[in-house]
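Reader: I am new to reading contacts between parts of a protein. Can you take me through it step by step?

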Amino acid sequence: MREYDIVVIGGGLAGLMAAAAATKRGKKVTLLSLGSGTLTIGGGIVDVMGYLEGGIPAATPSAGLLQVGDGHPYKKIGRPAIEESIRFFKEICEQEGYSYIGNLDKTQWIPTAAGTLKPTCLVPKTMDTTELKKADKVTVLGFDALKDFYPSLIAKNFKKIPAFAQKEYEVVMVDPKLSEGRDVTALDVARWLDTEEGLASCIEKMRNVIDSGSVVIIPPVLGTRPDYAVKEKLEKALGCHFVETASVPPSITGLRLRTMLVRYLKKNGVRIVEQAIVAKSIVEDGKCVAVITEGVDRERTYHAKSFILANGGFYGGGLLAEPGKVIEPIFNLPVEAPTDHELWANYSLFSSEAQPFAKLGLDVDEKMRPLDADGKVLLNNVFVAGRNLRGYDFSFEKSGNGVAIASGYQAAMSV
Amino acid sequence: MQKTTVVVIGGGATGVGILRDLCMRGVDAILLEQQDLAYGTSSRYHGLLHSGGRYAVKDAEAGKECIEENTILRKIGRHCVEQTEGFFARTHLDDEAFEGKWVEACAKVGIPTIPISVEEALRLEPNLSPKIKSVYRVPDAAIDGFRMVWQNVASARKYGGRVLTYTTVIGIEQSNNQVVGIKVRNTLTGEVSDIACDFIVSAAGSWAGEIAALAGINVNVQPDRGTLIAFNHRITSRIVNRLRPASDGDIFVPHGSITILGTTSASVNKPDDTVPNAKEVVELLNIGEALFEDIRSYRMLRAFAGTRPLYSADPNATGRGASRGFVTLDHAHDGLKGFVSVVGGKFTTYRLMAEKVTDLVCGYLNVKTPCRTAVENLVEDTSPALMAKARLYFPAYGAELAASRLGSEGLEKVIARIQEKPEKRQLLCECENVTMAEVEEAAADSTSYMISDVRRKTRMGMGTCQGAFCTFRSVGAVDANGLSWGKDTNVLFKEFLQGRWKGIRPILWGNVMREMELTRGIYEGTLNINGAIDNEGI
Amino acid sequence: MKKHHNNPDSCTACTVCIANCPVTAATRKFRGPKMVGPTLERMRLSQDDIEPSLEYCSNCKNCDMSCPSGVPISTLNMLARAKYFKNRKRSLRDWILSHGEKMAKLSAATPGMANFGMKMSRGILKKIGISDKAPLPAYASKSFIKLFKNLKQTSYPDKVVFYPGCFINYNDPQVGMDFVAVMQANKLEVIVEEGFVCCGSPLVVNGFLDEAEENAKQNVQILKKWTDKGYPVITCCTSCGLMLKQEYQELFHIEGVAEYAKQLYDADEFLLDLHDQGRLNTNFGTLNEKYMYHAPCHLRAQGMGLPGVELLALIPGLDVQDADAGCCGISGNYGFKDDKYDISMEIGSGLFKAIKDSGRDTVVSECGTCRLQIGHGANVKTLHPLTLVRKSYEAYHK
């Protein structure tokens, strides 16, 4: 019988981090994934804690961590483990040649494609705003036909942000000559820059519209690979500083991060099973013995000593929402939710309050083991990580990838 | 001060129908709408162009009007009518005795009903429940409420008709018991102005009581809320009615890429009580299951509600008990000349209502020109040459859709935009196949003030993702063209997404919940349009 | 998540499939899986039109694998293609590429001549749209069925049924023979049923859905007959395996597929299962050799991980490194088409580079056309994993 130390269910950031931390501890890991996670949708920026209840910005990510309520995953994980997890994440990035900048003691306000700033904690170097903050004059560079980026909107909105209002903005366009064929997304431009010819041609075009020494805000297009080759070559050739914005899917920064983490896991001997629809589990005496995938052909059983449940929330399928109830489909773990569906959501989509439905999820102890309504551990060798956790609204707080990293790491360390 | 002969209140089907009819008979008229055109009940119903089968048993007169108007609208409004035909299907839960009564009643008023075998029905509509007992084909059709209203306006404009949207009526000016003008406020700017006129026609639907009250006249309109569900795909290619006495949740209507299930019926106090709730949705699904077994596995897009303007001289009549016939109230009988309210009725007979009202008004104005709204098409057909040209510029499945939305003139304008900048052929709304050029064209129209107005004209944001992707793009494109109506882009984002949210909130489970995680992830998580630092509020 | 639900409802338009589609990465002519698949599916239900770029979908299934919503995107594309071709003429090129089995039977009498003829006629093939650069497979001098008939097996009480598929039968029969040898080494007798026909995969990708369904009906009947008796059915070709167990269920309404699929195995996985049960012959001889491994997309899509890699890891001394560089680009006969050849090579370029960089001269992969493409693009030798397993068993006895 092939038995692994740990089966990780879910290939999003929480699952990838859990697997990474587990292999670092010398564990033999199988990762069961369905789809390629949400990194390529949500992005590779690591938010930790941006806004507190009431919509008040946290002074720093670490200050925000201390101010969360009791039900919040951060409260369960605890600050030391969160710090370790962030350190571990940065270590992997460094080691794989795609290092991230930032730390828990400083909020980084990064530009977005909507011309707002958003608070975050760790970003790839392509989003370093050091030079942007210092600059008196900023160039916003768009690409002709790219339908997901509107540079004049950004320039106009930055003028309304107090910290950015004094700067002068210039909008310039570069034509990547991609208007033939399908509609143009940031991915098309990034792939153009991946090629040597594309990069050379882009440099020539940029030379005509930007001056040496400029700080240039651009869409996230600096290559699809997890390295800084495109950024460095462009900056060297033009003598400029480029700052990518946070933007709409498909997320190039998320694609890079995912590619890098999957590569890291494979190098470290993690067995990855794609298209694995985990449907049920075998539990004996408060312990999970195996999980079972439902293939189109037949069921397959995966035995392990421990299991990490990181298959996402409502989006990823880790939680299923029905009128007035929430189901966790693999272990049938309890999820407390209002039976009156009207209580699930605020009338305003955007307000100074988090959305109640976004906080629905699994309750866990400090080791990330699932709890019943009385706070009793339900399964001793199952550890929960990521979006299926109760008590946080990642969109409102700006905490998504932070919770994924911290809870994934904590789950693996608790095994 | 603006002057006109007749002011028509209400930018729904009846109002625009009256505007068109008046203008075609050479009467100068202005139409006032408190929100956007078709904002009210005309777009908040199932979009069924009744064959009359639904009314035949209970109200033969209404059934007869339906089949006659149905025949007319299929011709004059063919660009907003989808000739789907319809089924009346009796399920295992329905009374068999009603079937015979229904067939007989339909025959009496001239509604053709063709019985087909259940087997044949299932072959034509494979998603139908195999448990159904009997099926009849009827000449139902689907009609696009937004488009019907727009095309009436387009036609009226050709005859000199004027339209003011986001204009609410705050007073009716009278002198010697005769209407002399109307006082209005622009709801966007707050600006108040007067329009001098000889005649006022209130076609305000559920709001007709409120309008009449401005002149101190009592009109008993009881708003009756009907909630509906829009599904993500065409689960049936024909209309499917449940063969039983008219009740909740017994009509499925395919519209282009989607299907609508309606409706519920509940008396409400206010005409704008159009916020649906989860309970109504669950009830509709429970009922709908009898016709479509897998209904719960079909993804919903949104729930929406409108208020039927039920009128009764008897103040105690409510709901389906009240008549669906229409009534023209000449308020000369209440002591005010030059003021008419038209109440009750249904979308299918809007043109007939308009004709009757216009006849009355023209009688007063001594205009003898006969009505021609039944014979003249709303918009001209798009020529084959123009269609061929459109296919060069629109993506697959896009040219026909655009042509039916835009009509010939609009189509030419959109093509011109693409010719000028070829990248404008790109889709801002991928779900509903709406190009950047069309969004810009709609945004530039004088009746557009926000992205939701563009949506009603184009269908952008009305498909699968409900604005998750096209909100960003359309705000960006509108802003880049200097068309953002002087508004902050964050306000535009929020206005549009909040409008989508209204219909999503009551169905927040399954794939809708998943989509919402994505939408919030983009706008709140990534783009931080809700951030305190730039919080503009709406 | 409900399976075989071929409607567009689960798609959230998230764009992950676009980021993971190898064809989208290689050409801007393709509008991408989301657009051509679930998005336009909603339109197809109300309009009769065609998205011209649909022809670029290679049915490699990377979209399905990356989809977080379980949408059978590639199947929606194949169904749309079939719908389009229902009343339209197909090209001679597509007919030839879809009917490899018929072509093979035609040339079966004189295989040497057929290969000679093919070499001579590459110019003619080019004229009808088959690339003159593509790595078209040669016919074997003797088909697997013929070789198998002449083979004397040891009889055992435990038997398995082998579904060879066209490629092994007509082009690469040695893989089939290696399979039989490995089964025999595990005290299993192999049954080959001559009634099996082409699984239909090449027909489906070219829009011959009705013919594919005819083939499916015949295969289903035979497969069910054997599995009902309790015999497992094994394939060595991952595309055949995927077709027989998954695509039959998604594309057609044929009774019985779900039942036999429970006992339909990929050879590598079958052996690993034997290992789990302690029944695998582990008398593996040492092979001090180094190989690269390429995971076929149609294997990855089956939700069983990479059984070949795990199986080969049991062989002492053997060093197999997973290239992990994505799709090879061939997608059955996609890369044979003149207008797709360059796209196919562009898709495979990352894999070819990874192989060349590794310095290893032989690549192991389960899929026959992947092996063709890799041999062509990376200029290396190629093997099926079972060939190494057989070699290892033989080494043990030396």
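**Contacts, domains and salt bridges**

Author: Start with chain B: nine residues of domain 1 of chain B are in contact with ten residues of domain 3 of chain B. Contact means heavy atoms within 4.5 Å. This is a predicted model, where local features need pLDDT of at least 70, side-chain atom pairs count only at pLDDT 80 or more, and totals for chains, interfaces and linings use all residues. Residues are numbered from 1 along each chain as its sequence is written, chains are lettered from A and ligands numbered from 1 in the order in which they are written, and side-chain values use heavy atoms, with hydrogens and water left out.

Reader: How much area do domain 1 and domain 3 of chain B bury between them?

Author: Buried area is the accessible area (1.4 Å probe) that two parts lose on being put together, summed over both. Here it is about 940 Å², with 58% on carbon and sulfur atoms.

Reader: How many salt bridges cross between domain 1 and domain 3 of chain B?

Author: A salt bridge is a side-chain nitrogen of Lys or Arg within 4 Å of a carboxyl oxygen of Asp or Glu. The rule finds two across this interface. Arg456(B) and Asp36(B) meet in a salt bridge, at 2.7 Å from N to O. Now sort the residues by class. Ala, Val, Leu, Ile, Met, Phe, Trp, Tyr, Cys and Pro count as nonpolar, Asp, Glu, Lys and Arg as charged, and the others, Gly among them, as polar. The side of domain 1 of chain B that touches domain 3 of chain B has six nonpolar residues, one polar and two charged.

Reader: Now two chains. How many residues does the contact take from chain B and from chain A?

Author: Chain B gives 52 residues and chain A gives 59. Together the chains bury about 4,800 Å², 59% of it on carbon and sulfur atoms. On the chain B side, Arg505(B), Glu517(B) and Arg520(B) lose the most area to chain A, together 15% of what that side buries.

Reader: Which polar links cross the interface of chain B and chain A?

Author: A polar contact is a pair of N or O atoms within 3.5 Å; within protein, one must be able to donate a hydrogen and the other to accept it, and residues adjacent in sequence count only if both atoms are side-chain atoms. The rule finds 32 residue pairs in polar contact between chains B and A, both residues at pLDDT 80 or more. It also finds eight salt bridges there. Lys156(A) forms a salt bridge with Asp479(B), with the closest N and O atoms 2.5 Å apart.

Reader: Which elements of chain B supply at least two residues of the side that touches chain A?

Author: Helices (H or I, at least four residues) and strands (E, at least two) are DSSP runs, numbered from the N terminus. The list includes strand S23 (427–429), helix H14 (489–504) and helix H15 (510–526) of chain B. H15(B) has the largest share, 13 residues. By class, the side of chain B that touches chain A has 25 nonpolar, 14 polar and 13 charged residues.

Reader: How many salt bridges does the structure hold over all chains?

Author: The total is 103. Asp297(A) and Lys245(C) meet in a salt bridge at 2.8 Å, N to O. This pair crosses between chains, from the loop between strands S15 (287–294) and S16 (299–309) of chain A to helix H15 (residues 238–251) of chain C.

Reader: Are Asp297(A) and Lys245(C) buried or exposed?

Author: Buried means under 20% relative accessible area, exposed over 50%, partly exposed in between (1.4 Å probe, protein chains only). Both Asp297(A) and Lys245(C) are buried. Now take a pair within chain B: Arg234(B) and Glu82(B) form a salt bridge, with the closest N and O atoms 2.7 Å apart. These two residues are 152 residues apart in the chain. Arg234(B) counts as buried because its relative accessible area is 9%. Glu82(B), at 26%, is therefore partly exposed.
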